[in-house]
Amino acid sequence: MYKRMSCVNNLDIVSILFSSVCQIGDSSSINSSVKVLAVQREFPFFLGQEGKFEDYKVFTEPFTPPKHEFNKMLVINECPAIKVNHVKIIGVSSSSVIHIGSNETTYAETRVLNIRQLSGDHSPPAKDERL
Amino acid sequence: MNYTVVNRDLLVGDVKIISVSSSSLFLVGDAQSIILATAFDTPAESLVIGPFVPLSIS
């Protein structure tokens, strides 16, 4: 397939994190995935080895990818380039993709579970009570 | 289904984005196939009020 050239004069990204990709140039296939178990506690006690992804449905249920609807797509590129002057992005996160150039297939998957633990009227556990 | 696309001149000035997040894609170029999926879960049982109980130890 004949593809166009991408011209970006200036690209300014502050941060890229959590299995994100910044690709400059053509690519054939990009697969990125991330699983996030976000635990917020009223008192910041974390044991380090806590939490199993298998315990939660959101991490194990498969996604069903949609079917391709356009079987025959004809593309006529009258202009050989896409021109962009300036791109400024502050944050790229959680298996996102910044792509300058042409691409065949992109697959990105994110699974996020939030848990909030509040102590209510209970005071935080003493140091020796922790595991 | 037959589908025809005619790409003429494309000239963009400035693009300012605060955040690209959770399986999003910012693409300057052409693509054949894009599949992006996100599952975000905050069920009722995700709010725990009570004494400190650690999650299962892995």
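A polar contact is a pair of N or O atoms within 3.5 Å, where, within protein, one atom must be able to donate a hydrogen and the other to accept it. In this predicted model, such a contact is found between the side chain of Asn7(B) and the side chain of Asn77(A), at 2.7 Å. Asn7(B) belongs to strand β1 of chain B, which covers residues 2-7. With a relative accessibility of 16%, Asn7(B) falls under the 20% limit and therefore counts as buried. When its neighbours within four places in sequence are set aside, the residues in contact with Asn7(B) are Arg4(A), Val75(A), Ile76(A), Asn77(A), Glu78(A), Cys79(A) and Asp30(B).

The contact between the two chains was examined next. The size of an interface is often given as the accessible area lost when the parts come together. For chain B and chain A this buried area is about 5,800 Å², and 56% of it lies on carbon and sulfur atoms. On the side of chain B, Val28(B), Asp30(B) and Leu55(B) lose the most area to chain A, and together they account for 12% of what that side buries. The contact involves 74 residues from chain A and 56 residues from chain B. Between the two chains, 59 residue pairs are in polar contact, counting pairs in which both residues have pLDDT 80 or more. The elements of chain B that give two or more residues to the side touching chain A are β1, β2 (10-21), β3 (25-28), β4 (31-41) and β5 (47-49). Of these, β2(B) gives the most, with twelve residues. Sorted by class, the side of chain B that touches chain A holds 32 nonpolar, 18 polar and six charged residues.

Strand pairing also links the chains. Strand β5 of chain A (residues 81-93) pairs with β2(B) in the parallel sense, over ten bridges. Within this pairing, Ile89(A) has Ile17(B) as its bridge partner in β2(B). A further parallel pairing joins β6(A) to β3(B) through four bridges. Here the bridge partner of Ile100(A) in β3(B) is Val28(B). Val28(B) is also among the residues of chain B that lose the most area to chain A.

Strand β6 of chain A, residues 97-100, has a partner within its own chain as well: four bridges join β6(A) to strand β2 of chain A (residues 21-24), and the two run parallel. In that pairing, Ile24(A) stands opposite Ile100(A). In a regular strand the side chains alternate between the two faces of the sheet. Both faces of β6(A) are covered, with Val97(A) and His99(A) buried on one side and Ile98(A) and Ile100(A) buried on the other.

Side chains of opposite charge can pair when their charged atoms come close. Over all chains the structure holds seven salt bridges, and two salt bridges cross the interface of chain B and chain A. Arg4(A) and Asp30(B) form a salt bridge in which the closest N and O atoms are 2.6 Å apart. Asp30(B) lies in the loop between β3 and β4 of chain B, and Arg4(A) in the segment before β1 (5-16) of chain A, so this pair joins two chains. Asp30(B) is buried, at 8% relative accessibility. Arg4(A) is likewise buried, with a relative accessible area of 8%. Both residues are also among those in contact with Asn7(B).

Other salt bridges lie within chain A. Arg111(A) and Glu109(A) form one of them, with their closest N and O atoms 3.0 Å apart. Arg111(A) is buried at 6% relative accessible area, and Glu109(A) counts as buried at 17%. In the salt bridge between Glu61(A) and Lys57(A), the closest N and O atoms are 3.7 Å apart. Glu61(A) is partly exposed, with a relative accessible area of 42%, whereas Lys57(A) is exposed at 61%.

Chain A contains one helix and seven strands, which follow the pattern β-β-β-α-β-β-β-β along the sequence. Of its 131 residues, 37% count as buried. Among contacts in chain A between residues at least 6 apart in sequence, 84% join residues at least 24 apart.

Methods. Residues are numbered from 1 along each chain as its sequence is written. Chains are lettered from A and ligands numbered from 1 in the order in which they are written. This is a predicted model: local features need pLDDT of at least 70, side-chain atom pairs count only at pLDDT 80 or more; totals for chains, interfaces and linings use all residues. Side-chain values use heavy atoms; hydrogens and water are left out. Buried means under 20% relative accessible area, exposed over 50%, partly exposed in between (1.4 Å probe, protein chains only). Contact means heavy atoms within 4.5 Å. Buried area is the accessible area (1.4 Å probe) that two parts lose on being put together, summed over both. A salt bridge is a side-chain nitrogen of Lys or Arg within 4 Å of a carboxyl oxygen of Asp or Glu. Ala, Val, Leu, Ile, Met, Phe, Trp, Tyr, Cys and Pro count as nonpolar, Asp, Glu, Lys and Arg as charged, and the others, Gly among them, as polar. Two strands pair if DSSP finds at least two bridges between them.
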